[in-house]
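Me: I would like to learn how to read a protein model feature by feature, starting from a residue and ending with the whole chain. Could you give me the general idea each time, and then the case at hand?

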Amino acid sequence: MADTRPSASIEAVESGLAAQGYIASRQIATAVYLAQQIEKPILVEGPAGVGKTELAKAIAAWRGMKMIRLQCYEGLDEAKALYEWKYAKQLLYTQILKDKLGEVLGGAPTLEAALNQLHDFGDVFFSKEFVEPRPLLQALEQPAGCVLLVDEIDKSDAEFESLLLEILSDFQVTIPELGTVVAVSPPTVILTSNSERDLGDALKRRCLHLHIGFPEQKLEERIVESRVPGISQTLRRQMVSFIHEVRTLDLKKLPSVSETIDWARVLVLLQAPELGHEMVKDTLNVLLKYEADIEATMPQVSTFIAKASRQNVFG
């Protein structure tokens, strides 16, 4: 059952997310807590793969809510994001009305009376019955509330932001033919951005801002422990330390938390007791996604492993 009540404390948010396998920093937990208390959306920015989308999933799972996801892309418009009319159903209704036109207008004594009767039927074509709700409207109509994830908002056109403003500020939307649709239960709104473009001030004003960067080493170790429980403490410390060293390099794409988790799963699958040169060389393509980055990292592998091993010893 969905729990729409705000959390009692920041610590309750941390433990609730942790129960779903999402290890949140204090900053993340505070933002989620405040968003619940003051009913404001959260705009989550940061590099790809650091857990922005996973945060929305974890909130939904923790609170027992349905998650509705709107994946943004260039050219996204209200027909795909908000609503569109069921044109096929309208055409079918038109044909039925045409067939029954004689019966409908048979009792009209004058042309004006017939037109008035026909006008009454015409309004039905643009009623709620003919609306196909898309993610934004679906989120407003959820009786028990939901988590609305507007994913990668920076990939949409700047004009699309204007469509969101009324929803973000008042949890309602105005449809010209139907009027204003107000949320039955205000959704928890999470917007994510990889900062591919600057977002408008109007959108930012309506949201709490949260930046999720690469986590500190201790936090990343806790994340790996939560997501890959079979990994040994030694290997976990070594691989996270190695990754933090890799992130100091000038690479096209630095390894994110999602790559850390994938690499941990691979090392466990290959039954690696600790980090070794050959093991790293054979699996570095899991961690790095561009050949140029792999080539730039390879000369440093032995040095990074040695540093990781020393850190593990003096832990």
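**From one residue to the chain**

Me: Where is Thr 260 found?

Reply: Thr 260 is found in helix H13; helices (H or I, at least four residues) and strands (E, at least two) are DSSP runs, numbered from the N terminus. This is a predicted model, in which local features need pLDDT of at least 70 and side-chain atom pairs count only at pLDDT 80 or more, while totals for chains, interfaces and linings use all residues. Residues are numbered from 1 along each chain as its sequence is written, and side-chain values use heavy atoms, with hydrogens and water left out.

Me: Is Thr 260 buried or exposed, and which residues does Thr 260 touch?

Reply: The class follows from the relative accessible area: buried means under 20%, exposed means over 50%, and partly exposed lies in between, with a 1.4 Å probe and protein chains only. Thr 260 has 0% relative accessibility and therefore counts as buried. For touching, the criterion is contact, meaning heavy atoms within 4.5 Å. Not counting residues up to four places away in sequence, Thr 260 touches Glu 220, Val 224, Met 239, Ile 243, Arg 247 and Leu 287.

Me: How does Lys 204 count, and which residues does Lys 204 touch?

Reply: Lys 204, whose place is in helix H10 (residues 201-205), counts as partly exposed because its relative accessibility is 36%. With residues up to four places away in sequence again set aside, Lys 204 touches Leu 43, Glu 45 and Leu 199. The C-alpha atoms of Lys 204 and Pro 41 are separated by 9.7 Å, although these residues are 163 residues apart along the chain.

Me: At what angle do the axes of H13 and H14 cross?

Reply: Two packed helices are described by the angle between their axes and the distance between the axes. Axes are lines fitted to C-alpha atoms, for helices over the stretch in contact, and angles run from 0 to 180 degrees between N-to-C directions. The axes of helix H13 (residues 257-269) and helix H14 (residues 277-287) come within 9 Å and cross at roughly 140 degrees. That makes H13 oblique to H14, because angles under 35 degrees count as roughly parallel, over 145 as roughly antiparallel, 65 to 115 as roughly perpendicular and the rest as oblique.

Me: Which residues of H13 and H14 meet?

Reply: From H13, Glu 259, Thr 260, Asp 262, Trp 263, Val 266 and Leu 267 meet Met 279, Val 280, Thr 283, Val 286 and Leu 287 of H14.

Me: In what order do the strands of the open sheet stand, and which strands stand at the edges?

Reply: Two strands pair if DSSP finds at least two bridges between them. Here five strands form an open sheet in the order S2-S5-S8-S1-S9, with parallel pairing. Strand S2 (66-71) and strand S9 (208-211) stand at the edges, each with a single partner strand, so one side of each is left without a neighbour in the sheet. On average, neighbouring strands of this sheet are turned by 20 degrees against each other, direction ignored.

Me: How many bridges join S5 to S2 and to S8?

Reply: S2 and S5 pair over six bridges in the parallel sense, and Arg 69 stands opposite Leu 149 in S5. Strand S5 (residues 146-151) also pairs with strand S8 (residues 188-193), in the parallel sense over four bridges; Val 150 stands opposite Leu 191 in S8, and Thr 188 in S8 is the bridge partner of Val 147. S8 in turn runs parallel to S1, with four bridges joining them, and Leu 43 has Leu 191 in S8 as its bridge partner.

Me: Which way do the residues of S5 point?

Reply: In a regular strand the side chains alternate between the two faces of the sheet. Cys 146, Leu 148 and Val 150 point one way from S5, whereas Val 147, Leu 149 and Asp 151 point the other way, and all are buried. In S8, Thr 188, Ile 190 and Thr 192 point one way and Val 189, Leu 191 and Ser 193 the other; six of the six residues of S8 are buried, so S8 is largely enclosed by the rest of the structure.

Me: How many helices and strands does the chain have?

Reply: The chain has 16 helices and nine strands, and 44% of its 315 residues count as buried. Among contacts between residues at least 6 apart in sequence, 76% join residues at least 24 apart.
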